[in-house]
Amino acid sequence: MTKIPWTDEAVNFYSWNCTPVGKECVHCFAKVRAGQFGFKPSAGADFIGVPVWRDKAYDELRKVAPGSTVFINTHSDTFHPQVPVDYPPRIFSLAKQRRDLLFLILTKRPEMAAEYGGALVFPPNLWMGVSVGIQSALHRLDVLRSLPVTGGRFVSFEPLLEDLGTVDLTGINWVIVGAETGEVRRPFDEMWGRALRDQCQAAAVPFWFKSCGGMFPDTAPELDGQLWRQIPEAFRAHREQHRVIVETQQTALF
């Protein structure tokens, strides 16, 4: 299980090493958690180093129930430039084998995924997403749209640090919005979240609001006094489809 409210499970195939890409990463939660769990960065106190593949993740994935959504690499970036080139294709291959699961991959570096070209085949049960918290990162949506995704595309506007103005949601199938949380969190204006919610409604894009900010991720989950926990219909259909399948036959595992 995972405490992330918008997914059923989380599996980390890499060790918890990464590097910041800018303002959005200033208060990186993964860096803090790595320290708490004794994962010392391989190159000092800046949470950097070459990610290492976790073989234990295979067992973790085997235990995930059919029909579940699985968030991949919650504490690293699947497409970090220091990730060995064979790592992402391994994950995509596992997704192809576990068609009974929906894989969710979120990155701040979609351009690195684009560099794989035809060497990276997107199975229909893999949803690709980008993280955007500031206006200067909105270009990631354009890169996401350029990827040959056959499942769905989603955006996590978290931590949302400023008003993003009008956002092009063409080709986007799901939006998640949330403020920064933690002891040193930066300010959040509900107007920013409200603007994205209204644009999602106008574009018929499911909208999930995570938090207005607070010490913990589940603090103040309402926007305008309402919970917004919309998920794509494809998630419900996938869960129902594979719930029926598992009742009649064994799901083949890798």
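## Core, helix face and aromatic pairs in a predicted model

Of the 254 residues of the protein chain, 49% count as buried, where buried means under 20% relative accessible area, exposed over 50%, and partly exposed in between, with a 1.4 Å probe and protein chains only. The model is predicted, and local features need pLDDT of at least 70, side-chain atom pairs count only at pLDDT 80 or more, and totals for chains, interfaces and linings use all residues. Residues are numbered from 1 along each chain as its sequence is written, and side-chain values use heavy atoms, with hydrogens and water left out.

The protein chain has seven helices and nine strands; helices (H or I, at least four residues) and strands (E, at least two) are DSSP runs, numbered from the N terminus. Among contacts between residues at least 6 apart in sequence, 72% join residues at least 24 apart, contact meaning heavy atoms within 4.5 Å.

The largest nonpolar core holds 54 residues, of which F13, L61, M128, F157, V175 and F207 touch the most other members. Helix α3 (residues 87-97) gives the most to this core, with five residues. Apart from it lies another core, of twelve residues, including W6, L102, L104 and W208. A nonpolar core is here a set of buried Ala, Val, Leu, Ile, Met, Phe, Trp, Tyr and Cys residues joined through side-chain atoms within 4.5 Å.

In helix α3, the buried residues are Y87, P88, I91, F92, L94 and A95. Seen down the axis of α3, they fall within an arc of 155 degrees, so they line one face of the helix; the arc is that of the directions from the helix axis to the C-beta atoms. These buried residues pack against α2 (56-62), β2, β3 (102-107) and β4 (126-131).

A search of the whole structure finds 19 aromatic pairs. Rings of Phe, Tyr and Trp (its six-membered ring) pair if their centres lie within 6.5 Å, and planes under 30 degrees apart count as stacked, over 60 as edge-to-face and the rest as tilted. Two of the pairs are set out below.

| Pair | Type | Centre to centre | Angle between planes |
|---|---|---|---|
| W6 and F71 | tilted | 4.9 Å | 45 degrees |
| F207 and W228 | edge-to-face | 6.1 Å | 75 degrees |

W6 lies in the segment before β1 (9-11) and F71 in strand β2 (residues 69-72), so this pair ties together parts that are 65 residues apart in sequence. F207 in strand β7 (residues 207-211) and W228 in the loop between β9 (226-227) and α7 (233-248) are 21 residues apart, and their pair also links distant parts of the chain. Both W6 and F71 are buried, and both F207 and W228 are buried as well. One aromatic cluster is formed by W6, F71, W127, F154, W174, W208 and F235.

Two loop residues complete the picture. E158, in the loop between β5 (153-157) and β6 (174-178), is buried, with a relative accessible area of 19%. Its side chain makes a polar contact with the side chain of K210 (3.3 Å); a polar contact is a pair of N or O atoms within 3.5 Å, where within protein one must be able to donate a hydrogen and the other to accept it, and residues adjacent in sequence count only if both atoms are side-chain atoms. F188, found in the loop between β6 and α6 (190-203), counts as buried at 18% relative accessibility. Leaving out residues up to four places away in sequence, F188 touches L160, A179, G193, F209 and C212.
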